[in-house]
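Please look over the model shown here. A short report on its packing follows.

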Amino acid sequence: MKVNETMTITKRSADGAFYGERDGKQYVIEHSHADYPVYDGFYNVLRSTAYAERPMLMKTIIAENRYPAIFPTSTPVPEPKRDPKEILFNAVKRMMDFFTEFSFTPSFRFTNTFAYMACKSQESARDYVRNYFALMDSSYQKEVAQKIKSAEFTQIIQDVAQYGEPSTRINTRFKVYYGSAGTGKTTIAQKESDNRCIVCNSSMLPSDLMEDFIFKDGNPDFNPSLLWDCMEQGKTIVLDEINLLPFDSLRFLQGIVDGKTEFYYKNRPVHIKEGFQIIGTMNLSLGGMIYGLPEPLVDRCSETKEFVLT
């Protein structure tokens, strides 16, 4: 049956399927098709209408949207497919803009770790950012903690996670567990390290971290420390109250956890085997004072976790 100059429709007697052509495109509507009743009603109306009257009837049908499955009022335009890498780049750019008002520029390490957390969950990504600003005792930590709950930051997390985990994880050697005394952070850390632990204090210099002082044959000498042994053997060690260490010692640790596989200490090579990890445990507030960590060290954290009593 000819409907108009650009459309024909035929109902096959054998199984009732519709065969047709519309604007040069052929189609088949089987009896099992979801829109079959729509086509059947359309066909019956047209068949009972003279051919000369069909063009006017067609205009009425389209205007009144009687058969939307055949003549939709508007043709949806599919959104162009976006390159996942482009989505990621735009998300990172928006993230950098997001932190501008907090005088913070995300580093490559921060962005890499943030992407891993985003792939775990939205809450993991938010916790990472919140802990990052808390650990370095940023003056903006409260404002950041509030704003990362926004729809804007949620979209950033989703777009970063859409790309998937980065092919290489940069931070792998340093974790920080912090919280008030008695919340279990050191207990859990020691379980992860098989009780290998050094208790830190404000007078502990890099040499104290690396050497155990001894007398050998009546002369002062040193043995490699527990920290040194853990590096050589690829084991985990806890540095309890890590934030009490002096600045020089924290800078020294920064160089250990940055990914290098070897360095020299007093002309002796120190090899860092895969699997080596430092878990720093700390209470941010001591005696009413806040003892944060330097931003470059926080930037090297693969994981940060706040322990609270529940």
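## A buried leucine

Leu135 is buried, with a relative accessible area of 0%. Buried means under 20% relative accessible area, exposed over 50%, and partly exposed in between (1.4 Å probe, protein chains only). The model is predicted: local features need pLDDT of at least 70, side-chain atom pairs count only at pLDDT 80 or more, and totals for chains, interfaces and linings use all residues. Residues are numbered from 1 along each chain as its sequence is written, and side-chain values use heavy atoms, with hydrogens and water left out.

Leu135 belongs to helix H5 (residues 122-135). Helices (H or I, at least four residues) and strands (E, at least two) are DSSP runs, numbered from the N terminus. Setting aside neighbours within four places in sequence, Leu135 is in contact with Val176, Tyr178, Met282, Leu284, Gly292, Leu293, Val298 and Thr304. Contact means heavy atoms within 4.5 Å. Tyr178 lies 43 residues from Leu135 along the chain, and their C-alpha atoms are separated by 8.4 Å.

Four strands form an open sheet, ordered S1-S2-S3-S4, with antiparallel pairing. Strands pair if DSSP finds at least two bridges between them. Strand S1 (2-4) and strand S4 (25-29) stand at the edges with a single partner strand each, so one side of each is left without a neighbour in the sheet. The twist averages 15° from one strand to the next.

S1 and strand S2 (residues 7-11) run antiparallel, joined by two bridges. Asn4 stands opposite Met7 in S2. Helix H1 (residues 36-47) packs on the sheet and touches S1, S2, strand S3 (18-22) and S4. The direction of H1 makes about 105° with that of S2.

## Aromatic pairs

The whole structure holds 23 aromatic pairs. Rings of Phe, Tyr and Trp (its six-membered ring) pair if their centres lie within 6.5 Å; planes under 30 degrees apart count as stacked, over 60 as edge-to-face and the rest as tilted. Phe18 and Tyr43 form a tilted pair, 5.4 Å centre to centre with 55° between the planes. Phe18 sits in strand S3 and Tyr43 in helix H1, 25 residues apart. Both are buried.

## Helices H4 and H7

The axes of helix H4 (residues 108-120) and helix H7 (residues 151-163) come within 8 Å and cross at roughly 95°. Axes are lines fitted to C-alpha atoms, for helices over the stretch in contact, and angles run from 0 to 180 degrees between N-to-C directions. Phe114, Ala115, Ala118 and Cys119 in H4 meet Phe153, Ile157, Val160 and Ala161 in H7.
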